[in-house]
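Colleague: Please pick one part of this model and take a close look at it. I want one connected account, cut-offs included.

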2 protein chains.
Amino acid sequence: MFELAEIGNSLSKEEHKKQEQELRPALIEAQQEMKKQKKFAVIVIIGGVEGAGKTETVNFLSSWLDPRGVEVNAFGPLSEEEKERPRLYRFWRALPPKGKIGIFFGSWYTDPIVARAFKTIKKVEFVNQLQQINSFESHLHDEGVLIIKFWLHLSKKAQIRRHKKLSKDPKKSWRLSKLDKEYFKLYNRFYKVSEGALRITSTGAAAWNVIESENDEYREITVARTLLDAIKNKLKEKPREAPQPMPIPKVQPHSPLDNIDLSKKMSKAEHLKKVEKLQGEINILSNKAFERGISSVLVFEGWDAGGKGGNIRRLTMCLDAWHYRVISIAAPSQAEKAQPYLWRFWMHLPRDGRIAIFDRSWYGRVLVERVEGFCQTEDWQRAYSEINDFETQIVGSGCVLVKYWLHVSKEEQLRRFNERKKIAYKNYKITDEDWRNREKWNAYLVAVDEMLARTSTDVAPWTIISANDKYYARVQGLRSYRDALARALKKSGKKVKSPEALKLS
Amino acid sequence: MFELAEIGNSLSKEEHKKQEQELRPALIEAQQEMKKQKKFAVIVIIGGVEGAGKTETVNFLSSWLDPRGVEVNAFGPLSEEEKERPRLYRFWRALPPKGKIGIFFGSWYTDPIVARAFKTIKKVEFVNQLQQINSFESHLHDEGVLIIKFWLHLSKKAQIRRHKKLSKDPKKSWRLSKLDKEYFKLYNRFYKVSEGALRITSTGAAAWNVIESENDEYREITVARTLLDAIKNKLKEKPREAPQPMPIPKVQPHSPLDNIDLSKKMSKAEHLKKVEKLQGEINILSNKAFERGISSVLVFEGWDAGGKGGNIRRLTMCLDAWHYRVISIAAPSQAEKAQPYLWRFWMHLPRDGRIAIFDRSWYGRVLVERVEGFCQTEDWQRAYSEINDFETQIVGSGCVLVKYWLHVSKEEQLRRFNERKKIAYKNYKITDEDWRNREKWNAYLVAVDEMLARTSTDVAPWTIISANDKYYARVQGLRSYRDALARALKKSGKKVKSPEALKLS
């Protein structure tokens, strides 16, 4: 992979100057067009060998580009808030919005490559992390992000020449860091590990550009031209066709949900007794979970008027106020629309020991967005596996994940709609939209069935609640979370924490 | 202050029910109007004695209000990312945007009151923190935020009754936490300290509502009605008149800046030598500062084409990429516009050891916004002391603050504008707006003079750079930061860290 970057590519200072005259204004123009269109973000990854000019590349890009359209992200040791979330959280946090370029100096590649070179992770874990990166980049790509990955390469001989040159000049020797020297001792290992990483992660969504980097002029011009060409091509992409709403089946389709026994009931008195007992238990268990750093993500989905709010309140009543946060998902804000679909959910993942309660969630993609035609067919189709990936990362970071589907019959929904219309302070909950959604019941049913089938996984199964009777439903809801917490606590005795991320940029 | 909240106020269940019928729909309606107007945010602070029903109040408000328009914030121990910023950072981070209600359960009052009750801070520090809170709330209020502060009070006797009642019922005893019992032992101290805090912080901008809290029905209805009345009054406020641009003096006014010697020069060769030396020194010093957790905030202000970009690049070339971040300040985004003026700058304050470089800054308020009439006269007038407060907090948290004014003559600016027009890739830097700004030179000069006079403080003096010669200016810029770093490092031996915030909500 690196052979073509060891052949002595170079450019004269004059040639560099000439090309600069062409490239700089063209890059500025491309940026202005990006800003105008606000249709996609660009991610530029600057990876490569220590000393191959990564800092210099970031600096020259910063000086060539309009700085108002660029965000430079470099990554030091993980902060506590980052450590307590899944591995990719810090990168999600740093994604550029549509219309901007995010330069990543140090990226999601740094940790796996360094860890593997120092042999702190096994090959299988290394490959596993790289495949997770492929899914991540593929999601970004499908969401319209342009990813351009540069690998700056220096042959071993070129590296030696550089060390000699810098050490001789006392004014420049600070440019040769301790890390630099330490990494050089492992040149061969880094060579092999990096080549493996690049091979696995050179995908259609985001291929690597390996750049020979001994000659500054050649490196700069090649990076600039590659970047310019990629942005210009992306700018030329045709807009996608407007998505279509889902056709509504005339007859209510057969559904596995028909097998849910909706006649289950509980008296108010019995429910009060049980709720009180479960709340006490959850209070104690959740405090223990907090102490052990076990976080929870609870997802409440269900038919309109299925009782999500009431269930959530029964739960929060027994939690410490600063342990939990309820996230009501409505239409995305401008800042959220400028990011890939899963971004806003990532931003709400809880810290260790905390509880994030989602009142509606990322499942909107395969429910309302699919039914209403807010996204393209291919978008909701790829969402199932993206969601499964996402949830695997949540659970993999040691978090308890419970997903509720509150199931009511069409008749019970009608009864509740009418009841809400009558009570002044519940009135606002029933809008024309709810009545329109109700007319699309059959389409939603198809979407719900497919969602339950395709996202009920080993690590993240659905909890389906028979919710025609609200008392019965609330007790089931609390019980499921209590049981999930108890299981997690039991397991946590044997819990193996993932090896702490290496403290390297 | 608490006498009126110990007289046995109570409401019957029936009366509560009756008032609920009126209040709930009215609150929902007020929320909908807030959402429509998107003109102000509401902050509800729930403070008070342990056991006075703070959690219950948060829960009942959450259930009465439309949850999509409410954010509940509770505060546990400070995270590392919060610890490394000034004390109020975590609250800035949690401010609700315009159109929403932020409920603060635990707030900026918790730490000072608890610390003083446990005598971990002296009275003078206590009062100092409360005065900082007054400035903070006053800024929020002036930016249109409606602040409603509730203090839930229980007399000592009522407190004792509550403890007895809860301890007797085994199913409810978990509601009586260890903290609860511990605090109760200090009831008298908390009483005295809270009363002092409330007295100092009951201001016109945000007065306290002390609520007798033994009777749940009375507490709920009083809180709901107070909240409703406050929001309704705020909704009725008349819109402010459109602000006016500043008149432009016909003759260039006399200015203390006339005394700056703009003839200072340096040869390219000498500048290169000095820049290289200074960069080496800054590299070493900034790495030491990083190790000791000393952060920096650098502010670059100056005339258009004054050389901010060039100065910033000379600096970043010698910094570790993940230690610094350049923040280019342009027109605020939608999310930033929905927040008080200083919010977006708070969000960019650096963590310990990091460097935030502002390319333009919060001074926009008293420069471009004043001259162009983007804000009201009273807004830029109050900005001077708000900025001084803000900078005092930055410096007080142990951060190095350097503020540059890059000063060039009107003639030199013209020369640079024309030069930029000729170079293709610099063309984009000169817009019609720059030419228009230039026509307002005299108005800007008045604004700059007043800014320098009113925000040059002991803790945060301005560094004025004679910048007609870019080589001379760059060397001065680097030298000032090197010196500031060196001074901070020298002092850091004796540096007294503020006592770690108490780990209490």
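Modeller: A charge sits over a ring if NZ of Lys or CZ of Arg is within 6 Å of the ring centre and within 35 degrees of the ring normal. The model is predicted, so local features need pLDDT of at least 70 and side-chain atom pairs pLDDT 80 or more, while totals for chains, interfaces and linings use all residues. Residues count from 1 along each chain as written, chains are lettered from A and ligands numbered from 1 in the order written, and side-chain values use heavy atoms, without hydrogens or water.

I take the open sheet of chain A. Its five strands run in the order E2-E3-E1-E4-E5, and the pairing is parallel. (Strands are DSSP E runs of at least two residues, helices H or I runs of at least four, numbered from the N terminus; pairing takes at least two DSSP bridges.) E2 (70-74) and E5 (208-212) of chain A are the edges. Each has a single partner strand, so one side of each has no neighbour in the sheet. Neighbouring strands are turned by 20 degrees on average, direction ignored.

Strand E4 (residues 146-153) of chain A pairs with E5(A) in the parallel sense, over five bridges. There, His153(A) stands opposite Glu212(A) in E5(A).

Two helices belong to this picture. H9 (residues 187-201) of chain A lies across E4 and E5 of chain A. H9(A) runs at about 155 degrees to E4(A). (Axes are lines fitted to C-alpha atoms, for helices over the stretch in contact; angles run from 0 to 180 degrees between N-to-C directions.) H10 (residues 216-236) of chain A packs on the sheet too. H10(A) touches E1 (42-48), E3 (101-105), E4 and E5 of chain A, contact being heavy atoms within 4.5 Å. Its direction makes about 165 degrees with that of E4(A).

Next, charges over rings. The charged end of Lys234(A) sits over the ring of Phe40(A), 5.7 Å from its centre. Elsewhere in the chain, Arg370(A) lies over the face of Trp380(A), at 3.8 Å from the ring centre.

One backbone detail remains. Lys119(A) is in the loop between H5 (110-117) and H6 (123-142) of chain A. Its phi is positive, about 60 degrees, although Lys119(A) is not a glycine. The residue is exposed (over 50% relative accessible area, 1.4 Å probe, protein chains only), at 57%.

Finally, the partner chain. 98% of the interface residues of chain B are also interface residues in chain A, so the copies meet through the same surface.

Technical notes. Buried < 20%, exposed > 50% of the residue type's maximum accessible area, 1.4 Å probe, protein only.
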